[in-house]
Amino acid sequence: MPDPDSNVRGRVSELWTIREQALRGPSEEATAAQHAKGKLTARERIELLLDAGSFQEVEQLRRHRARGFGLEKRRPHTDGVITGWGTVEGRTVFVYAHDFRIFGGALGEAHATKIHKIMDMALSAGAPLVSLNDGAGARIQEGVSALAGYGGIFRRNTRASGVIPQISVMLGPCAGGAAYSPALTDFVFMVRDTSQMFITGPDVVKAVTGEEITQNGLGGADVHAETSGVAHFAYDDEETCLAEVRYLLSLLPQNNRENPPAAAAQDPVGRTTEALLDLVPADGNRPYDMVRVIEEIVDDGEFMEVHERWARNIVCALARLEGQVVGVVANQPQYLAGVLDIEASEKAARFVQMCDAFNIPIITLLDVPGFLPGVGQEHGGIIRHGAKLLYAYCNATVPRVSLVLRKAYGGAYIVMDSQSIGADVTYAWPTNEIAVMGAEGAANVIFRRRIAEAEDPDAMRERMVKEYKAELMHPYYAAERGLVDDVIDPAETRSALGAALAMLRTKHADLPSRKHGNPPQ
């Protein structure tokens, strides 16, 4: 009787046995421990992210070759990271997922090589890359060889930046140098209570500074979504988080050579937006919710807000208008009256750069009283940070349409994609106030002497304010000088923006030949 190992059927049977073991993971106990923490396994996460049955694994049988510290006796297949590609809504997506059940998801030489390979494949194929992070950092037993693996990841993150969408999903710990890879990607998702990111953990912080803090207090999802701005999105559970990653991918192109995917518009193209007449008060000192304005304008009132809980005085969102993906940047009068400050400038600048990199037209909705004054802002570098937003807009070659709702004062008006810095089409509502500064401040400067010498200074100030408004701040002043292309009825906002973007769909703009710019940091 022939040896079963010497024929093809025997070899195939052996292959399936090995594959089954790799798919099952190290042990049922390790899987149960992962579930006990409220976390899914790496393969369960991939199943939620990708279309059913679409995942094609790469290097499933890879094993490390390290020796010492007992590693030669522990050589599981996959080496703690699952890599491959699949589809999301039929479009190719590459993915790698740390398997915390194997070496705590720690990165070793073989582990890193697998990630490098899938990153190279994603860049070559021109398809998005999603990383599902749940690892304990570098594999200490492998020494500097493991550490060098991160360098290869960072270099590839940087090379792929602006070429393919890169999304980092934080589903467990991410400490030390490992945290820099997510920071280099386009979007960071986190899950509350189970994911943390920090350079130095609570024990090191306590030893060096004496400060006591928990892991979540130092680098949890809410901290990074609200305070540091590291995380763009934060969710309560992994299922919701991964569903939102799928939704985000549906709004992004495969790479920088393609346009975002269009969708059949259910919302009527010519729908009027009469609700805007009541949503936005004519009084520039009264706040309102800009989010409701965006809901009224975009298709079906649906959009995905980026950095929703950080720098709330500006709104950045991805949406569709007449079925086409657009990026929306809008001042939020509900927070700090919609002023631009350091964090708002950074948030909007990063978003504008992302839209420009991936061929997403930008709609800018202005209601901005200026930059936030104060010693803290000046010493914190508001000039430098504000210039980031200015640079991002000036450098953007995608279609750009801006609309002034109410206030548009001073340098903040110029920075928020005014016509003078390259907006393709600019509109204003009849409630617009485009000026160097507010009428009260301007009157106090221009008519200071007359007000001081008047018998009734208050009455004179009020008179001068009215005179200044009538002369330089009436709704048609900017239009008369060609600074806006038209003053439109708010009820026509959706149709006007849609028509402008349709006209600009074939826009082509070239930047000067250069290696790269030197934007303000």
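Select Leu23, Arg43, Ile46, Glu47, Leu50, Asp51, Ala52, Gly53, Ser54, Phe55, Glu57 and Gln60: they line the second largest pocket. This is a predicted model, where local features need pLDDT of at least 70, side-chain atom pairs count only at pLDDT 80 or more, and totals for chains, interfaces and linings use all residues. Residues are numbered from 1 along each chain as its sequence is written, and side-chain values use heavy atoms, without hydrogens and water.

Stay at the pocket. Its volume is about 240 Å³. Colour helix H3 (residues 42–49), which gives the most to the lining, with three residues. Helices are DSSP runs of H or I with at least four residues; strands are E runs of at least two.

Next, the rings. The whole structure holds five aromatic pairs. Rings of Phe, Tyr and Trp (its six-membered ring) pair if their centres lie within 6.5 Å; planes under 30 degrees apart count as stacked, over 60 as edge-to-face and the rest as tilted.

Select Tyr150 and Phe154. They are stacked, 6.1 Å centre to centre, with 20 degrees between the planes. Because they are four residues apart in helix H5 (residues 144–160), about one helical turn separates them.

Move to Phe189 and Tyr235, also a stacked pair: 6.2 Å centre to centre, 20 degrees between the planes. Phe189 is in strand E7 (residues 187–191) and Tyr235 in strand E9 (residues 233–235), 46 residues apart. Both Phe189 and Tyr235 are buried, meaning under 20% relative accessible area (1.4 Å probe, protein chains only).

How values were computed
1 Å grid on protein atoms, 1.4 Å probe; cavity = no way out; pocket = protein on both sides within 12 Å on 5 of 7 lines; lining within 4 Å. Points joined across faces, edges and corners; volume = space filled by probe spheres on them. Buried < 20%, exposed > 50% of the residue type's maximum accessible area, 1.4 Å probe, protein only.
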